[in-house]
Amino acid sequence: MQHIDLREKIIKTALQLNSRGLSAGSSGNVSARVNGGFLITPSGVKYHKLRAEDIVFMDMDGKTQGDFLPSSEWRFHLDIYKSRRVAKAIVHAHPPYSTALACLDKDIPSFHYMVAMAGGKDIRCCKYEPFGTVELSEAVLEAMVGRRACLMSHHGLLAFGDNLEKAMSLAVEVEVLAQQYQLVLQMGEPKLLSEAEMEDVLHRFWTYGDNAQKIEDEKRRKPRKSWQSNITYPKRGNFYKLPEEKDSL
Ligand SMILES: [Zn+2]
């Protein structure tokens, strides 16, 4: 059996759907990209009963290997991996606050700067389509343009990342934002951050943490010709496209 470590990580992440408040029951699913396809949680198996061999492999044509059927929501996982090359892991769930907003077809607007964690100035809610359908997959892809997360109308939320930990962290962050937004709405209509303020936040995110370290390392090196640089600096005014995603948007 291939990818035993990754299969174990998928199970650990699926269990976190419960422990981190994204799923009180067995709704939701988790996947991670591997060579030639991706691994995804199976349909109809409780997370606490999952074994590494139960995780289903699906290739990019939708053909599967494993004893179980893949999650009934495999289609948008497949289409995200096909169309967003930076997506390495996906977490999908029906957590209460995100789902409540999604049942009102509400986006999460720029009421708080952390909304930019999803890649842009808002977190969109895709239109309703039945679960497991091509139409839902298309609606998700549309809402995810320039974003790593979205709400799904009358359904839940979806987030992807560079790995399972980052996909899970973003899903949790979206759920927290959804909760905060609903608290704010109970007190009144929030003043939203402007486009310029959100562009500034997005710029700061791209010159913060790992990215800032890369930029500092680059500065310490001998001067290089610009075309030799392997660092993508964000350009002001173009922040809604994450730098490494230019080819996939
Ligand atoms: Zn679902």
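Two strands count as paired if DSSP finds at least two bridges between them. On that basis, this predicted model holds an open sheet of 8 strands with mixed pairing. The protein has 7 helices and 8 strands in total. Of its 249 residues, 39% count as buried. Among contacts with a separation of 6 or more, 65% join residues 24 or more positions apart.

**Sheet layout**

- The strand order is β4-β3-β2-β1-β5-β8-β7-β6.
- β4 (64–65) and β6 (125–126) stand at the edges, each with a single partner strand. One side of each is therefore left without a neighbour in the sheet.

**β1 and its two partners**

- On one side, β1 (residues 29–34) pairs with β5 (residues 89–93) in the antiparallel sense, over 4 bridges.
- Val-30 stands opposite Val-91 in β5.
- β1 also runs antiparallel to β2, joined to that strand by 4 bridges.
- Ser-31 has Ile-40 as its bridge partner in β2.
- Val-34 has Gly-37 as its bridge partner in β2.
- In a regular strand, side chains alternate between the two faces of the sheet.

- The hairpin of β1 and β2 has 2 residues between the strands.
- Gly-36 in this hairpin takes a positive phi near 80 degrees.
- β2 and β3 (residues 56–59) pair in the antiparallel sense, again through bridges, 4 of them.
- Gly-37 is bridged to Asp-59 in β3, and Gly-37 is also the β2 partner of Val-34.

**Helices on the sheet**

- Helix α1 (residues 4–19) lies across β1, β2 (37–40) and β5. Its direction is at about 155 degrees to β1.
- Helix α5 (residues 164–187) packs on the sheet too, touching β1, β5, β7 (149–152) and β8 (156–161). The direction of α5 makes about 145 degrees with that of β8.

**Nonpolar core**

- The largest nonpolar core has 61 residues.
- Those with the most contacts inside the core are Val-140, Ala-149, Cys-150, Ala-159, Ala-167, Ala-171 and Val-174.
- Helix α5 gives the most to this core, with 9 residues.
- Why does the core lie between domain 1 (4–187) and domain 2 (195–248)? Both domains give residues to the core, so it lies between them.

**Helix α6**

- Met-198, Glu-199, Val-201 and Leu-202 are buried in helix α6 (residues 195–205).
- Seen down the axis of α6, the buried residues fall within an arc of 160 degrees, so they line one face of the helix.
- An α-helix has 3.6 residues a turn, so residues three or four places apart point the same way.

**Lys-88**

- Lys-88 sits in the loop between α2 (74–83) and β5.
- Lys-88 touches Ala-32 and Arg-33, along with Gly-161, Asp-162 and Asn-163. This leaves out residues up to four places away in sequence.
- Lys-88 and Val-34 are 54 residues apart along the chain, yet their C-alpha atoms are separated by 8.2 Å.

- Most residues other than glycine have a negative phi.
- Which phi does His-3 take? Its phi is near 60 degrees, a positive value in a residue other than glycine.
- His-3 lies in the segment before α1. With 16 other C-beta atoms within 10 Å, His-3 is partly exposed.
- Asp-105 is not a glycine either, and has a positive phi of about 55 degrees.
- Asp-105 is located in the loop between α3 (96–102) and β6. Asp-105 counts as partly exposed, with 13 C-beta neighbours inside 10 Å. The exposed class needs 12 or fewer.

Terms used: Residues are numbered from 1 along each chain as its sequence is written. This is a predicted model: local features need pLDDT of at least 70, side-chain atom pairs count only at pLDDT 80 or more; totals for chains, interfaces and linings use all residues. Two residues are in contact if their C-beta atoms, placed from the backbone, lie within 7 Å. Axes are lines fitted to C-alpha atoms, for helices over the stretch in contact, and angles run from 0 to 180 degrees between N-to-C directions. A nonpolar core is a set of buried Ala, Val, Leu, Ile, Met, Phe, Trp, Tyr and Cys residues joined through C-beta atoms within 7 Å. A residue is buried if 20 or more other C-beta atoms lie within 10 Å of its own, exposed if 12 or fewer, and partly exposed in between; C-beta atoms are placed from the backbone. Domain bounds come from an automatic or database domain assignment. The arc is that of the directions from the helix axis to the C-beta atoms.
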